Amino acid sequence: MTDIVAVDIGGTHARFAIAEIGPGGVMLRDPMSIKAAGHQTAEHAAMAYMAAIGLRERISLAMIACAGPVTEDRVALTNLDWTLTATGLRARLGLDQAALINDLEAVAWAAPELADSDLHTIGPQIPGAPGGAIAVVGAGTGFNAASWRRVDGREVVLVGEGGHASFAAADPLEMEVVRRLTPRFGRVSVERLVSGPGMLNLYRTLCEIEAVTPACARPDQIPVLARTGDRLARSTVILFCGLLGAVAGDLALTLGARGGVLIGGGMAPGLLPELEAGEFRRRFEAKGRFQSHLAAIPTRVILHPHAALVGAGRALLAQVGEGV
């Protein structure tokens, strides 16, 4: 049994755990979520975590999953003013080895270890193609996607920066939303609409179209208001679920995800009734000649609160081998 520090740094929270790696897989101990805004650097947040759990023994290995593109041993987080290097983390935290991966890459590494109780099916209860690739999409403070598959007995995970691909509007309302947001952003990417800030962009734009003063200042307020019967908030949530489904379907096609699509990130678990209402799955399957192809692909929301930490442990195990 080997212990490592597993870290998941998003745009809002930094999550930590001690990951126990053994023959049975990855077990998490002392998981903790820390508000990133309360700390100047990732190293400060890590030291606060270790102090909070009273960690006394030396941990020599760390795997840090970050919400941003990793270049060699460096990452600048997309939605948080932190820059990390593996070299700096090793020096400041006294580690023998530290590695950086993208946060959605970590979630994809967790995919084979997630139990049925960690997942909530949206749409038909279908198994997906045996041995097929699995796509993982994450909508939270930002948006990204990754894929997991097995090739010649080895697990392979691929990740890019899918949230920064251009958003494809599909009807006049979506075209109008893009038209109104383009002057503000210069270009409307998927992340500008299918994320927490994206839901707020959608809501404010729908209010602007109807010349109504917005009643919500934060994305988490919109579903709450929608459930009270507010028309524009409800329209926003329905539109958001549809766009998430449309993008997930595009990624299922792009990544060849016959084994299924997992929805991660902080948004989906709080929107299960709205996702089940039908618009998500309708847009997921609405791919013209490939509708029947998408209809055979299951979609599931990840409920495990620390999937990225589990995946970080599995990713390190894959990197350094069973000898850890």
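1. A word on naming before anything else: helices and strands here are DSSP runs, a helix having at least four residues and a strand at least two, numbered from the N terminus. In that scheme Glu 276 belongs to helix H8, which covers residues 272-276. Please also keep in mind throughout that this is a predicted model.

2. Staying with Glu 276, is this residue buried or exposed, or something in between? With a relative accessibility of 44%, Glu 276 falls in the partly exposed class, because that class runs between the limits of 20% and 50%. Once neighbours within four places in sequence are set aside, Glu 276 is in contact with His 120, Thr 121 and Ile 122. Lys 287 is 11 residues away from Glu 276 in sequence, and their C-alpha atoms are 19 Å apart.

3. At the E12 end, strand E11 (residues 143-151) runs antiparallel to E12, and 6 bridges join the two. If you want a place to look, find Ser 147, which stands opposite Leu 158 in E12.

4. Not counting residues up to four places away in sequence, His 306 touches Arg 15, Leu 28 and Pro 31.

5. Now to the other sheet I would point out. This open sheet has 3 strands, ordered E5-E6-E7, with antiparallel pairing. Strand E5 (70-71) and strand E7 (83-85) each have a single partner strand, so each is left with one side that has no neighbour in the sheet. E5 is joined by 2 bridges to strand E6 (residues 74-76), and Thr 71 stands opposite Arg 74 in E6.

6. Next, the aromatic rings. How many aromatic pairs does a search of the whole structure find? There are 2. In one of them, Phe 16 and Tyr 49 are stacked, with 5.1 Å centre to centre and 15 degrees between the planes. Phe 16 lies in strand E2 (residues 13-22) and Tyr 49 in helix H1 (residues 42-52), so this pair ties together parts 33 residues apart in sequence. Both Phe 16 and Tyr 49 are buried.

7. Phe 280 and Phe 284 also pair: their ring centres are 6.3 Å apart and their planes at 15 degrees, so these rings are stacked too. Phe 280 and Phe 284 are 4 residues apart in helix H9 (residues 279-285), a separation of about one helical turn. Each of the two is buried.

8. Going back to H1, Leu 55 sits in the loop between H1 and strand E4 (61-66). Leu 55 has 19% relative accessibility and so counts as buried, since the limit for that class is under 20%. Beyond its neighbours within four places in sequence, Leu 55 is in contact with Ile 18 and Met 50. Leu 55 and Ile 18 are 37 residues apart in sequence, with 9.7 Å from C-alpha to C-alpha.

9. Last, a helix pair. The axes of helix H4 (residues 172-185) and helix H5 (residues 196-209) come within 10 Å and cross at roughly 105 degrees, so H4 is roughly perpendicular to H5. Residues making the contact include Leu 173, Val 177 and Leu 181 of H4, and Leu 202, Leu 206 and Ile 209 of H5. By class, the contact has 7 nonpolar, 2 polar and 4 charged residues.

Definitions and conventions. Residues numbered from 1 in each chain as written. Predicted model: local features only at pLDDT ≥ 70, side-chain atom pairs only at ≥ 80, totals over all residues. Heavy atoms only, no water. Pairing = 2+ DSSP bridges. Phe/Tyr/Trp six-rings, centres within 6.5 Å; stacked < 30°, edge-to-face > 60°. Buried < 20%, exposed > 50% of the residue type's maximum accessible area, 1.4 Å probe, protein only. Axes fitted to C-alpha atoms, helices over the stretch in contact; angles between N-to-C directions. Parallel < 35°, antiparallel > 145°, perpendicular 65-115°, else oblique. Contact = heavy atoms within 4.5 Å. Nonpolar A, V, L, I, M, F, W, Y, C, P; charged D, E, K, R; others polar.
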